[in-house]
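Good morning, and thank you for coming. Please look at the sequence and the structure first, and then I will take you through some of the features in turn.

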Amino acid sequence: MLDILLQTLPFFALIGLGYGSGRTGFFSREATAYLTKFVFYFALSAMLFRFSANLSLAEILDWPFVGAYLSATLVVYGFATVVAMLRGLPVAEAAVEAQCAVIGNVGFLGIPMLILLLGEAAVGPVMLVLAVDLIVFGSLIVILITGSRDGRFSLAVLGTVGMGLLKNPMIVSIVLGLIVSSLALPIPDPVNSFLLILGGAATPGALFAIGASLATKSAERISVAGWLSFSKLVLHPAAVAVTALLVFDVAPYAAGVMIAAAALPVAGNVYIIAQHYGVAPARVSASILISTAFSVLTVSGVIAWVTSF
């Protein structure tokens, strides 16, 4: 456990550096927004494209893996929704809380950290987790919020969801990389070097951006944020472990990567959605802050456990 903690500390130290820069005002909110945009649209996309271009769809697509992760995530999502509804919350707020309970920071934290700690073989499983999060749950929250406001389901919502996926650079870069791989198109050395250099900025840039963005988050409604953080850091990986190891019999290595990915703290894009629709952004903000702080220990513990098998 101590060995893994020491290995994960540099990643969280980068987050802490970003947080300190944001809190002191050295890195302004505007600077953080532009750094995040650079990482999201350029550095992380270059990394994902290079990884996926060297994989085949057959290597990535694992239906028992998808079944295990999706079913466990739906169980926790449903449980968090029921808890929210029992507290008398409207559907939109319940959907946002459920999103906090299951959507981890796979893009900015999981991809760089898990691939470095668990090896490049983790690329495929991490991409599958990211794809399920973006395609299934990224779409579900939009449908629930807009449907609850309109009082009915509209086909126009599907257009909004579809355009959102088409504009997501992580989805686009993975798909383009798989197309290049499936067609066996060679990547010229200068292009590969370009992608390597640009993608290399993803890890420090993403971690610093996470910290700097946390500096603008508030810790209001601690009790609810604590419950959502517990759901994300404990209940979600526990449910994934049960379905992956006991129900769907996923290969041990892939199961370990999936469990580690499920243990990641609440993703920043949940806050973006909450703020965009005006649904409990302060609650999401506090959940991101608290879950990220506690994940220094919980994620290290989960990684130490999964590496044992």
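This is a predicted model: local features need pLDDT of at least 70, side-chain atom pairs count only at pLDDT 80 or more; totals for chains, interfaces and linings use all residues.

**A nonpolar patch on the surface**

Seven names open this talk: Val242, Leu245, Leu246, Val247, Phe248, Trp305 and Phe309 together form a nonpolar patch on the surface, with about 650 Å² of accessible area.

Which helix supplies the largest share of the nonpolar patch? That share, 4 residues, comes from helix H12, which covers residues 222-247.

**A network of salt bridges**

I turn now to charged side chains. How many salt bridges does the count give? The count comes to 3 salt bridges.

Let us begin with Arg87 and Glu97, whose side chains meet in a salt bridge at 2.9 Å, N to O. Arg87 sits in the loop between helix H4 (63-86) and helix H5 (91-102), while Glu97 belongs to helix H5, so this pair ties together parts that are 10 residues apart in sequence. As for accessibility, Arg87 is partly exposed, with a relative accessible area of 36%. Glu97, by contrast, counts as buried, at 1% relative accessibility.

Next comes Arg283, which forms a salt bridge with Glu93; the closest N and O atoms are 2.9 Å apart. Here Arg283 lies in helix H15 (residues 281-306) and Glu93 in helix H5, so the pair ties together parts that are 190 residues apart in sequence. Is Arg283 buried or exposed? Arg283 is buried, its relative accessible area being 7%.

The side chain of Arg283 also meets that of Glu97 in a salt bridge, again given as 2.9 Å, N to O. This pair links distant parts of the chain, with Arg283 in helix H15 and Glu97 in helix H5, 186 residues apart. Both partners, Arg283 and Glu97, are buried. Through shared partners, the salt bridges join Arg87, Glu93, Glu97 and Arg283 into one network.

**Two neighbouring helices**

Let me move on to a pair of helices. At what angle do the axes of helix H10 (residues 189-200) and helix H11 (residues 202-214) cross? They cross at roughly 25°, and the axes come within 5 Å. That makes H10 roughly parallel to H11, since angles under 35 degrees count as roughly parallel. In the contact between them, Leu198, Gly199 and Gly200 in H10 meet Ala202, Thr203 and Pro204 in H11.

**Positive phi values in two loops**

The backbone deserves a word as well. Asp249 has a phi near 50°, a positive value in a residue other than glycine. Asp249 is placed in the loop between H12 and helix H13 (252-262), and this residue is exposed, with a relative accessible area of 65%.

Ala280 likewise has a phi near 50°, a positive value in a residue other than glycine. Its place is in the loop between helix H14 (268-277) and H15. Ala280 is buried, with a relative accessible area of 14%.

**Contacts across the sequence**

Val296 is found in helix H15 and is partly exposed, with a relative accessible area of 21%. The C-alpha atoms of Val296 and Thr8 are separated by 7.6 Å, although the two residues are 288 residues apart along the chain. Which residues does Val296 touch, not counting residues up to four places away in sequence? They are Leu5, Thr8, Leu9 and Phe12.

Val250 counts as buried, at 5% relative accessibility. From C-alpha to C-alpha, Val250 and Phe65 are 6.0 Å apart in space, and they are 185 residues apart in sequence. Leaving aside residues up to four places away in sequence, Val250 touches Pro64, Phe65, Ala68, Ala244, Ala255 and Met258.

Note on methods: Residues are numbered from 1 along each chain as its sequence is written. Side-chain values use heavy atoms; hydrogens and water are left out. Patches are made of residues with over 30% relative accessible area and no salt bridge: like charges are joined within 9 Å, nonpolar side chains (Val, Leu, Ile, Met, Phe, Trp, Tyr) within 5 Å. Accessible areas come from the Shrake-Rupley method with a 1.4 Å probe; for residues, only the protein chains shown count as cover. A salt bridge is a side-chain nitrogen of Lys or Arg within 4 Å of a carboxyl oxygen of Asp or Glu. Buried means under 20% relative accessible area, exposed over 50%, partly exposed in between (1.4 Å probe, protein chains only). Axes are lines fitted to C-alpha atoms, for helices over the stretch in contact, and angles run from 0 to 180 degrees between N-to-C directions. Angles under 35 degrees count as roughly parallel, over 145 as roughly antiparallel, 65 to 115 as roughly perpendicular and the rest as oblique. Contact means heavy atoms within 4.5 Å.
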